[in-house]
Structures are given as C-alpha cells and as structure tokens.
Amino acid sequence: MNNDPAPENTTRPPARRNLSRLLRGGWRYALPWLSWPRWRVRLLLVGAALLAGLVAIAFAIGAELAITTHAGLIRERPWLSLLIAPLGFAALAWVSRKIFPGTEGSGIPQAIAASMSDDGRVRRQLLSFRIAIAKVFLTLGGLLAGASIGREGPSVQIGASVMHLLAGRKRRRIASSRDLIVAGSGAGIAAAFNTPLGGIMFAIEEMCRYRAFRANSTTLTAVIFAGLMSLAVLGNYTYFGRTPASVGWPEGIWPVLACGVAGGLLGGGFARLLIASVRGLPGRVGVFAISRPVLFAGLCGLATGIIGWASGGLTYGTGYAESKAALEGSAALPMAFMVLKMAVIWLAFVARIPGGIFAPALAVGAGLGSDIALLLPGEPDPAVLVLGMVAFLAAMTQTPITSFVIVMEMTANHQMLMPLMATAVVAHGVSRSVAPVPLYHALSHAWLRRAEGRLHHAGPAARQNTPPTPPALPAGTAQAGSGSADAGALDQRL
C-alpha cells in the first residue's frame with residue numbers, strides 16, 4: 001500500500017497557491033497576538049505602571065502642600081518649629097517602628113535589598129502596598145514637621161511595591177520579581193522628577209549595579225506609562241524650570257574640575273558618614289539612640305528646628321524652593337547653606353524617620369556650586385550651581401550617568417551636556433577613593449540582613465504560616481543570584 005501523502009493540487013494557478021500559503025502562515029503568526037490571556041498580562045503591566053505613576057504624582061502634590069503648610073505656620077511664628085519638629089520626629093519614629101516597619105529611611109535601599117533576595121518572605125517585608133501607602137503619609141508628615149527629606153527615594157519604594165504586586169500571580173507571570181522591582185523603581189523616579197530617561201538610567205545603573213540588566217521591555221513599559229501619567233496630570237514641566245546658562249569650552253574646564261573634585265570629596269565623605277551612622281553612633285550617644293529611639297528622634301527634631309530657626313527657614317524641607325530661586329537669580333544662597341543643609345539631612349537620617357535624601361542632596365550641591373561660584377567670578381552662577389548639583393549627587397550615590405541625565409532633564413539645559421558629563425565623571429572618580437562602597441547598596445545590605453534576621457527569629461511556627469515562595473522561573477527569566485551572595489560580597493567590601 002502506498003502511504004505517501006497525496007500530491008498538492010496542481011490544478012490551481014501558482015499565484016493562488018502562494019496566496020493560500022501566505023494566509024495560513026499569517027494566521028498562525030497573528031494567532032498569539034489575538035490571545036486574550038496575553039493581552040490581559042500586558043494590560044496588567046500597563047495598569048500597574050499607571051497606578052505607580054498616579055501614586056507618585058499624588059505624592060508630589062501632597063509634598064508641595066505639606067511644605068507650603070509648614071512654611072505658612074512658621075512664617076509668623078518661627079518658634080513653632082521648636083515644638084513641631086521634635087514632636088513630629090518622635091511621632092514618626094514611633095509609628096514607623098511599631099506599626100509600619102519597613103517604611104523607615106529613604107526607600108531605595110529597601111527596593112535594592114528586595115531585588116537581591118530570592119526569598120518572597122523577605123521581599124514582602126520590604127515591599128507591599130501597605131508599606132507604599134504608609135510611606136506616602138509618613139513622608140508627608142515629616143515634611144509637615146520641617147524635616148529635610150525628599151519624596152524621590154520613597155517614590156522608588158512605592159513604584160517597586162506597586163509593580164511587585166504582579167509578582168504574586170501564579171498563572172502567566174508577567175516577569176520575574178526582580179525585573180518587576182527594577183521596573184517599578186525606574187517608574188518611581190520617572191514620575192517623581194518627570195525625567196523618563198533618568199528613570200531608565202536609574203534602573204540600569206543603580207538597581208542593576210552588580211547584575212546584568214535584563215528587564216528591558218518591562219522597565220521601558222513601566223517608565224513610559226508612568227511618564228505618560230505624569231504628563232497627563234502635571235503637564236510637560238521641568239523640575240527646576242529652564243536654565244539656559246552654560247559654560248564655555250575649553251575655558252570651562254576650571255569650574256568643571258573645581259566642582260568635580262570638591263563635590264567628589266564632599267559627597268563621598270557624606271556617604272561614608274551616613275554608612276557609618278547606620279552601623280551605630282559612637283559612645284553614649286549610640287547607646288542612647290538604640291535604647292531610646294523615639295526620644296532620640298525627638299532630640300534630632302529639636303536640633304533640626306534650632307538650625308532652621310537660625311537659618312531663617314532655609315534648611316526646612318527638600319530645599320527645592322531655595323535651589324530654584326538661586327538658579328533663577330532671584331535669591332542667593334548663603335555660604336553656610338551647604339553645611340547647614342548637610343547637618344539637617346544627617347539629623348533626619350539618624351532619626352530614621354521615613355524620607356529620602358535624593359532631593360536634599362541636590363540642594364547641598366546647589367550650595368556647593370554657589371560657594372565655588374564666589375571663587376570663580378568670571379563664570380555664570382547658575383551654570384556653576386548646576387555643576388555643583390551633579391557633582392554632589394554623582395559623588396554621594398556613585399551613579400554618574402543617572403546624575404547628569406536627571407539634572408539635565410530637570411533644568412532642560414542640553415547645552416550643559418558635556419560639562420555635566422565631565423563633572424559627574426570627575427566627582428565619581430574622586431568619590432570612589434573616599435567611599436569604596438556605594439551608599440544605597442551599603443544601606444541595602446543592612447536592610448537585607450535585618451529582614452533575614454526577622455525571619456530567623458520568627459521560629460518554625462511562623463514560617464509554616466507564611467505562604468511558600470513562588471516556584472523558580474524558567475532559565476531564560478530566572479533571577480540572577482541570591483541575596484546572601486550579594487550580602488556576603490558587600491560584607492567583604494565594607
């Protein structure tokens with residue numbers, strides 16, 4: 001018996017046969033794109049990105065209202081800060097420790113620590129929708145109290161928490177947990193600053209510092225739609241307005257070198273101070289801070305109020321208004337502004353109240369640029385201020401590309417691209433010699449150890465009640481490395 005397949009019908013013209021084959025192949029190619037489960041996964045990703053952007057935008061509006069309210073309270077009665085600040089710091093320290101653990105500090109270290117861990121129980125201690133909402137209100141409370149904190153770091157934790165909600169899906173997972181955390185972090189930065197390129201660079205340079213960047217489509221989708229949400233609600237605005245000032249080249253090498261070297265030393269030294277403060281303050285002060293954390297936070301608030309009163313209110317809040325006024329030339333920053341701003345940032349940091357240090361660091365950089373401009377009378381002050389911003393930020397975070405991209409987008413000044421790049425590179429190189437471990441990764445190491453320690457002390461009964469970790473992903477989407485390995489590597493460098 002002949003089992004050979006029947007020959008194809010050759011009675012049809014060749015053109016019709018080719019068209020039939022093309023239609024059959026096209027239908028097989030188009031069928032996956034018409035699949036509702038696949039579109040549902042994509043819509044969930046877009047919806048989470050839009051939600052992350054919306055929360056970050058509402059957070060930004062609330063922050064402006066909180067800063068304005070605090071300024072109105074102390075405008076006529078400056079002495080009120082001596083009551084508001086200590087009471088606010090103490091209340092925030094108690095609430096964040098007792099009711100909402102995981103909300104303390106910036107939020108960027110928590111997101112990095114969660115991305116380093118393969119344990120879902122650890123990630124849930126650092127990222128959740130409950131933590132995200134609490135972070136918003138607690139940070140707004142800190143701004144109402146006059147703390148020198150920012151909303152950009154918390155926006156990273158908020159974006160990562162919202163995107164991480166998708167990691168709990170058992171069927172048709174969108175991406176790995178780590179990729180979703182990286183995408184949410186970039187979306188938080190993009191929505192907070194209205195800097196989409198900065199958000200992408202932050203995801204690559206900071207969140208994937210020691211790992212390969214593989215969350216391309218997920219991160220791009222999250223950042224783009226978070227940016228679109230910001231554009232729809234707030235419009236096409238720039239954080240510091242438009243700064244047309246620029247420095248010439250090659251004569252501009254002197255302000256670039258001055259800001260790069262000074263910013264590198266200052267930013268690297270400040271990062272090292274913050275890392276050392278996390279390990280513990282020296283002497284009796286350190287013992288008191290551990291044994292009476294709420295009272296210690298209240299004393300930090302009192303010191304913040306005293307510095308703010310002595311400076312005429314310049315050191316309260318993020319420092320955005322003071323920096324923008326200096327860039328516009330409507331007001332000058334005093335020489336002591338840089339030192340005083342660093343002091344109040346450190347006080348909020350050691351008090352461990354919720355709030356970031358990203359935006360206040362830009363204010364310190366503006367103060368640095370203002371002081372350097374006094375030594376370089378031939379250069380335009382706004383241009384040197386911008387160089388000071390990128391220098392201090394690049395040195396403190398050790399993310400030179402993210403720093404110059406964000407500052408360039410915030411000032412809408414593309415003429416300063418080359419000077420900003422050169423300043424960031426110089427500051428980063430000097431900072432590496434002062435602080436060998438990047439700030440946020442050193443802090444994330446401490447957060448990872450703390451979260452793992454809580455699980456260790458929880459006992460077997462608590463672990464049995466904890467939902468199991470989702471199964472491992474296929475090889476193409478597996479998470480790169482474990483948190484313990486990263487923590488061990490950081491241990492050696494610390």
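The model is predicted, so to speak of a local feature we require pLDDT of at least 70 and, for side-chain atom pairs, pLDDT 80 or more, whereas totals for chains, interfaces and linings use all residues. Residues are numbered from 1 along each chain as its sequence is written, and side-chain values rest on heavy atoms, with hydrogens and water left out.

I begin with the chain as a whole. The protein chain has 21 helices and 0 strands; these are DSSP runs numbered from the N terminus, with H or I of at least four residues for helices and E of at least two for strands. Of its 494 residues, 52% are buried. By buried I mean under 20% relative accessible area, by exposed over 50%, and by partly exposed anything in between, with a 1.4 Å probe and protein chains only. The chain exposes about 21700 Å², and carbon and sulfur atoms supply 66% of that area; areas come from the Shrake-Rupley method with a 1.4 Å probe, and for residues only the protein chains shown count as cover. Among contacts between residues at least 6 apart in sequence, 82% join residues at least 24 apart, a contact being heavy atoms within 4.5 Å.

A nonpolar patch of about 860 Å² includes Leu51, Leu54, Ile61, Leu65, Phe129 and Val233 among its residues. Patch residues have over 30% relative accessible area and no salt bridge; like charges are joined within 9 Å, and nonpolar side chains (Val, Leu, Ile, Met, Phe, Trp, Tyr) within 5 Å. A salt bridge here is a side-chain nitrogen of Lys or Arg within 4 Å of a carboxyl oxygen of Asp or Glu. Which helix gives the most to the patch? Helix 2 does, with 4 residues. Helix 2 (36–76), helix 6 (129–144) and helix 10 (216–234) each supply at least two. Leu65, in helix 2, is exposed at a relative accessible area of 56%.

Next, the aromatic rings. The whole structure holds 2 aromatic pairs. Rings of Phe, Tyr and Trp (its six-membered ring) pair if their centres lie within 6.5 Å; planes under 30 degrees apart count as stacked, over 60 as edge-to-face, and the rest as tilted. Phe270 and Phe392 have ring centres 6.1 Å apart and planes at 40°, so this pair is tilted. Phe270 belongs to helix 11 (residues 253–279) and Phe392 to helix 17 (residues 381–397), so the pair ties together parts 122 residues apart in sequence. Both Phe270 and Phe392 are buried. In the other pair, Phe288 and Phe296, the centres are 6.4 Å apart and the planes lie at 70°, so it is edge-to-face. Phe288 is partly exposed at 27%, while Phe296 is buried at 9%.

Ser323, in helix 14 (residues 320–328), is buried with a relative accessible area of 1%. Leaving aside residues up to four places away in sequence, Ser323 touches Phe240, Leu362, Ala363, Ala366 and Met389.

Most residues other than glycine have a negative phi. Arg352, however, has a positive phi of about 60°; Arg352 sits in the loop between helix 15 (337–351) and helix 16 (358–375) and is partly exposed at 30%. Gln398 also has a positive phi, near 55°. Gln398 lies in the loop between helix 17 and helix 18 (400–411), and at 2% relative accessibility Gln398 is buried.
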